[in-house]
Amino acid sequence: MNPRILALLLAGLPVAPACADGLPADGKLSLSGFATFGMARTNSDEAQFVRYNQAEGVDSGVNSGTDSNLGLQASYKFTPELSATAQVLTRQYTSTHYAPELSWAFLKYQLRDELSLRAGRVVVPSFMMSDYQNVGYANTMMRPPLEMYGLAAIEHIDGADLTYQRSFGASTVTAQLAAGVSHGKLFVAGGGGSIATIRAPLYALNLALENGPFTLRLSRLTTELESRDFRMLNTLTARLRQAGFAALARELTLVGGKKISFSSVGATMDWQQLLLQGEYGRRQANEPVYIPDNDAYYVMAGYRVGALLPYYAHAAVWQKGRSVTLPANFPAGGALARRVDFGYLTAAEQHSDLLGLRWNFAKARALKVQIDRLRPTRKSGGLINGPADGLKHPVVVVAFALDAVF
């Protein structure tokens, strides 16, 4: 996708009205969309700053691919109870060019006033901002904190979810149960970069309580993550079998599937001019696998001054443990030990602080300027293509974005 197209959309061209002229007069079909045109650069060429699972990042050269995207959505109401929705999202993700993907595609049936069922492709409710994390205008920050939102690689599933929502006085309770299978791609940064396809049957439970300006949310998902073409990992496990460590090879691999769980809790307070938001999450292997157990969190505070919203956030991710124990006779040093221990069983860790300003300069339009200071504490943190021993100094990211919904 040409970034100039995004710029034209954000300039306020009558894209939606032009489409609306051709819509049926019965009002059953509705079209909408969102767009972000972003530019970013860092103060270092030693590694690249990316959103999670992106194949190409940004360094000291200005790049628009990190944050720019375009989403188009269509909904059709067959009856008061039955409707269909589809959303196509175009962005740079696991490839180095813009590519469209089907992010939502479901039928929704309203079983009762408080109970609804969706079947098709739905977003996994892993985080507080899961439903709208790619909609720049809907987020205070330019991007969800990478430390937290990088813990769960699965964005959507092909399956169904059941949502119950009911009000009790001034409070509203929402319970969502989702189940299905995710098919996707995982970008592997090492060795020049490669793509592994993943299959992940999962179920997830999301609970939310809203009362006035306060929201509390709890989420839990369990999946069996499988990949048969993870080239670098498959090469390593083959070498381990040849060296006499077949049991260790079986523990590291994703072939056959490995059970992993993710839990998170989040809260927001949006009261008058003050905005507070935070989440805490944990990813944990339920059986031996190369993926380390990680914890992460972020906290954000903002204060509205008219159309301006300055904000600050702090985030961190660190290793909580590992599910694989190296055999007693496994070598303590050498290339093989380094690839297994440091390369796979040791997690990347980092802390970050960000300072930003959001300006709602027009209806459904916002301009954001944000500065992130990343401090890798193990490996290169969330950066990719860094030095073999990891990045040893902080990296500053400067970015701006124009957001729109239409």
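Reader: Where does Thr-140 lie?

Author: In this predicted model, Thr-140 lies in the loop between β5 and α3 (146–149).

Reader: Why is Thr-140 called buried?

Author: The term buried applies under 20% relative accessible area. Thr-140 has a relative accessible area of 17%, and therefore counts as buried.

Reader: Which residues does Thr-140 touch, not counting residues up to four places away in sequence?

Author: Thr-140 touches Leu-275, Met-300, Leu-309, Tyr-311, Arg-358 and Lys-368. A contact requires heavy atoms within 4.5 Å.

Reader: Why does Gln-272 count as exposed?

Author: The cut-off for exposed is over 50% relative accessible area. Gln-272 has 56% relative accessibility, so this residue counts as exposed. The place of Gln-272 is in the loop between β10 (258–271) and β11 (274–285). The phi angle of Gln-272 is positive, about 50 degrees, although the residue is not a glycine.

Reader: What makes Asn-385 partly exposed?

Author: The relative accessible area of Asn-385 is 42%, so Asn-385 is partly exposed. Its place is in the loop between β15 (365–378) and β16 (395–405). Asn-385, a residue other than glycine, also has a positive phi, near 60 degrees.

Reader: How do you know that β3 and β4 pair, and in which sense?

Author: Two strands pair if there are at least two bridges between them. Strand β3 (residues 82–91) and strand β4 (residues 99–112) have ten bridges and pair in the antiparallel sense. As one instance, Arg-91 has Ala-99 in β4 as its bridge partner.

Reader: What makes β4 and β5 a pair, and what joins them?

Author: Seven bridges link β4 with strand β5 (residues 115–123), in the antiparallel sense, where at least two are required. Leu-107 stands opposite Ala-119 in β5. A hairpin through two residues joins β4 to β5.

Reader: What is noted about Ala-364 in the hairpin of β14 and β15?

Author: That hairpin has two residues between the strands, and Ala-364 takes a positive phi near 60 degrees there.

Reader: How do you know that the radius of gyration of the chain agrees with a compact globule?

Author: For 406 residues, a compact globule would have a radius of gyration near 22 Å; the chain has 22 Å, so the value agrees. Along the principal axes, the C-alpha atoms fill a box of roughly 70 × 45 × 40 Å.

Reader: What share of the residues counts as buried, and how much area does the chain expose?

Author: Of the 406 residues, 47% count as buried. The chain exposes about 18,500 Å², and carbon and sulfur atoms supply 59% of that area.

Reader: How many helices and strands are there, and what share of the contacts joins residues at least 24 apart?

Author: The chain has six helices and 16 strands. Among contacts between residues at least 6 apart in sequence, 63% join residues at least 24 apart.

Methods. Residues are numbered from 1 along each chain as its sequence is written. This is a predicted model: local features need pLDDT of at least 70, side-chain atom pairs count only at pLDDT 80 or more; totals for chains, interfaces and linings use all residues. Side-chain values use heavy atoms; hydrogens and water are left out. Helices (H or I, at least four residues) and strands (E, at least two) are DSSP runs, numbered from the N terminus. The radius of gyration is taken over C-alpha atoms; the globule rule is 2.2 Å times the number of residues to the power 0.38. Buried means under 20% relative accessible area, exposed over 50%, partly exposed in between (1.4 Å probe, protein chains only). Accessible areas come from the Shrake-Rupley method with a 1.4 Å probe; for residues, only the protein chains shown count as cover.
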